[in-house]
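Subject: Structure handover

Hello,

Here is the structure I promised to pass on. Please open it alongside this note; my findings follow below.

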Amino acid sequence: MNETEEARGGSESAAGHGPERQAAGGQPHDIRAVGAPKRPLLHFLHRYPAAAPAIVLIIAVAVFQFLNPRLLRAQTISLMLQQLAVLGCLSIGQTVIMLTAGIDLSVGAVMIVTQMIMAELSITVGLPAWVALVIGLGFGAVAGGINGGLAAYIGLPPFIVTLGTLGVFTAIGLFLSAGTTIFFPNPSNLLLWTGNVVAFGNFHVTTGVFLMILLYLIVAYMLARTAWGRHVYAVGGSPEASQLAGIRVRSLLMSVYLLSGVLYGIGAWIQIGRVGNASTNISANLNLDSITAVVIGGTSLFGGRGVVIGTLVGAMIVQVFETGLALAGVQSFYLQFAEGLLVIGAVAIDHWIRALSTGSGRA
Amino acid sequence: MTQSGERDAAASTEGSGSTPVLAAQGLSKRYGPVVALRGVDLELYRGEVLGLIGDNGAGKSTLVRCLSGAEIPDSGEIRVDGRRVAFRNPLGARRAGIEAVHQTLGVVPALDIASNLFLGRERRRPGLLGTILRMLDVSEMQRAARRDVERLGIETLQDITQSVETLSGGQRQAVAVARAVAFGSKVLIMDEPTAALGVRESGQVLGAVKKLRESGLPVILISHNMPTVWELADRIQIMRLGRRIAVVTPRSHTMQEGVALMTGALNIAA
């Protein structure tokens, strides 16, 4: 509010009310020169990319709670968190890639292959579970490395690269599973650890959920507080300027895809724990759902802007819509309809914010 | 070596006696059949603004690309403070203290001013936070950035945490200049720094150049804008067809004479 008034005062003075400007503004020169909030809402959204999705989440929760009060029961919340864990984990990697102006269509496929490898090694081959887990995470890194190598060093567009690896990894997953489901006879298998439930009163939260939240905190820290994080934003915003600043753009991109691959591997671990077995019959929508979560979460498709916590909020929005619509007894295609609108809305906001960078210089 | 006479002429105009901060001797560069530089010399002395003018294709850009490490000359030598150097890339030149500000802006729009100033040279927190957790010292970088910006007299950059894409073109260029200056550079090369800017914004950037000269930092200023060059430069090196044909000063020659030299209508040897 304050800023709006100041801005109005500034523009009036520009129209020729010199003395008023001196009296009212205090430091009128600063206000104009910094280009400060002529459009405060726009500047607010620009500075806090997670603000818009947070507001949407609150509204969505309020509306669905009004439609069916079962939404905010401990039981429902626990279930939503458990369902959120895998998508939430995968979307971290997707966020970091999209911050570099890339995209990963192979997320879900990599995750599915990784969980098949973990399960096959532990159950069929009989390796210790921790060895299977480590090899699985290693495979995730290799898969990310293939995407990253083709995108960063060969210079192919990430969209095309990951479209290709989506097909390749999907096929490998089907080959490994041969259409069967691998069950875990021993409930204490380390691969099932992520499904362990911790109870807080009526809340039943799995360790996989905590693992996901921990990963969000770690990656949020890396992005916000380390030089590596700055470089991720820099390379996404302007690869040329980053190169001139001495950032090794290619190895940075490679590190991003490798990290994402490992995160997909952890997502596979959470997935095994959640359902208690491994199969390829997992929603193929995970690829697009992760992109949906990232975009709704306020990360720009064009790179350089966004925060990983926004993605968590975005994934929560999708989950609340899913559960909320189901509780409201609405048919499931409305979910797709609503998600589609949310994605378009998020991209429109991003477009609007981007206008700030080109518009204010001339204003 | 037709250049030797010119070199003497240059040395006699100003700064004679002291070692140039940056010197080039007999730089040649050809791109296939095209000869861009034919044995060009250049001397830049402490605390001066050296204007570099010439028609398109005169070799100005190739010359500064060689000086800033973006191009490797076929022959000739470059000296910084009298010591011979050979840059293999822009980073090498930067390590030697030569910073270049280009017409196309070398700043990252999505990052804030402080982050841009320290991009690629971030400072970490002291102690375990920095060594193990690799934590950036954000407040220290912001403090240093504020100090650098104030020293340049760019008072319009108030909020150091503002992202660069919300700034005007002139302010962005000012950030690029501040960035180049912030790391104790010895030489600043500005390649058409105001070409993309409006009149008022150009004024801001040129004001910054004046401040730099006052602080003793030598600047090479390439511009097609003759009034700007004549206003700011202490000496003006005129290039034509890959050669240095004259070094003049704003007092010794008028703008018209400078343009005549540039286009070949006038010959200084005459």
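Two residues are in contact if their C-beta atoms, placed from the backbone, lie within 7 Å. On that basis, 24 residues of chain B and 24 residues of chain A make up the contact. The chain B side has eleven nonpolar, nine polar and four charged residues. Here Ala, Val, Leu, Ile, Met, Phe, Trp, Tyr, Cys and Pro count as nonpolar, Asp, Glu, Lys and Arg as charged, and the others, Gly among them, as polar.

This is a predicted model: local features need pLDDT of at least 70, side-chain atom pairs count only at pLDDT 80 or more, and totals for chains, interfaces and linings use all residues. Residues are numbered from 1 along each chain as its sequence is written, with chains lettered from A and ligands numbered from 1 in the order in which they are written.

What does strand 7 of chain B pair with? Strand 6 of chain B, residues 98-101, is one parallel partner, over four bridges (pairing needs at least two DSSP bridges). Strand 8 of chain B, residues 219-222, also pairs with strand 7 in the parallel sense, over four bridges. B:I189 stands opposite B:A100 and B:I220.

B:I220 touches B:I189 and B:M190, among others.

Best wishes

Key
Helix = DSSP H or I, 4+ residues; strand = E, 2+ residues; numbered from the N terminus. Lists of a residue's contacts leave out its neighbours within four places in sequence.
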